[in-house]
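This report covers selected features of one structure, from side-chain pairs to helix packing. The sequence and the structure come next.

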Amino acid sequence: MAVHHGPEGPDPMQTAAIDDAAKSLLLAWDAAREQVTPRISSVQLNALLAVERAEGINLGGLAAELGMLLSSASRLCDRLVASGMVERVPGRADRREIALYLTPASRTLLGELRRIRRRTLSSVLEKMSPGGRAALLRGLSEFAVAAGENGDAASSAQTA
């Protein structure tokens, strides 16, 4: 994908305006997280999403994915196991290695989170013009690709 910016990079005023505009989207995201039961923190949600993306991920992989120390990831995993959101299973290749998997409860929670978020987004999107919705989708898709995420619509629909 081509990089589109001026000689010195993106316009700082445009960056600030995008930061301000993104606040509404992030508030909708966080409000949805607060509505699901059981309540989970944003760190716990990120961990569940990492396990969902890479079922069978080990603790070291989870720590790397979340950018945290192994000991912090271990404590986070302990809390998720205690709450019934993640299960630890001995690795197939190395029984000493522990693989992490979502439980049915966490799959239900992520599904509910997506439903709440999409309902909220839908009520906002219906107030926008069709052109505005199309431009937003185009811009966010390009942003996801530039940020290193998979920008195709099918996989984007799966992210929580």
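## Salt bridges

In this predicted model, the count of salt bridges comes to 8. One of them joins the side chains of R53 and E65, with an N to O distance of 2.8 Å. The two residues lie 12 apart and link distant parts of the chain. R53 belongs to helix 2, whereas E65 belongs to helix 3 (residues 59-66).

Two packed helices are described by the angle between their axes and the distance between the axes.

On the helix 2 side, the contact is made by V43, Q44, A47 and L48. Helix 4 contributes L76, R79 and L80. By residue class, the contact of helix 2 with helix 4 divides into 5 nonpolar, 1 polar and 1 charged.

P38 is found in the loop between helix 1 and helix 2. The peptide bond that joins T37 and P38 is cis, with omega at about 0 degrees.

## Nonpolar surface patch

Which residues make the nonpolar surface patch? The patch is made by L25, W29, L136 and L140, and its area is about 310 Å².

Two helices, helix 1 (12-35) and helix 6 (130-146), each supply at least two residues of this patch. L140, one of the patch residues, is found in helix 6.

Key
Residues numbered from 1 in each chain as written. Predicted model: local features only at pLDDT ≥ 70, side-chain atom pairs only at ≥ 80, totals over all residues. Heavy atoms only, no water. Contact = heavy atoms within 4.5 Å. Helix = DSSP H or I, 4+ residues; strand = E, 2+ residues; numbered from the N terminus. Nonpolar A, V, L, I, M, F, W, Y, C, P; charged D, E, K, R; others polar. Patch = residues over 30% accessible without salt bridge, like charges linked within 9 Å, V, L, I, M, F, W, Y side chains within 5 Å. Areas by Shrake-Rupley, 256 points an atom, 1.4 Å probe, with all protein chains shown as cover. Salt bridge = Lys/Arg side-chain N within 4 Å of Asp/Glu carboxyl O.
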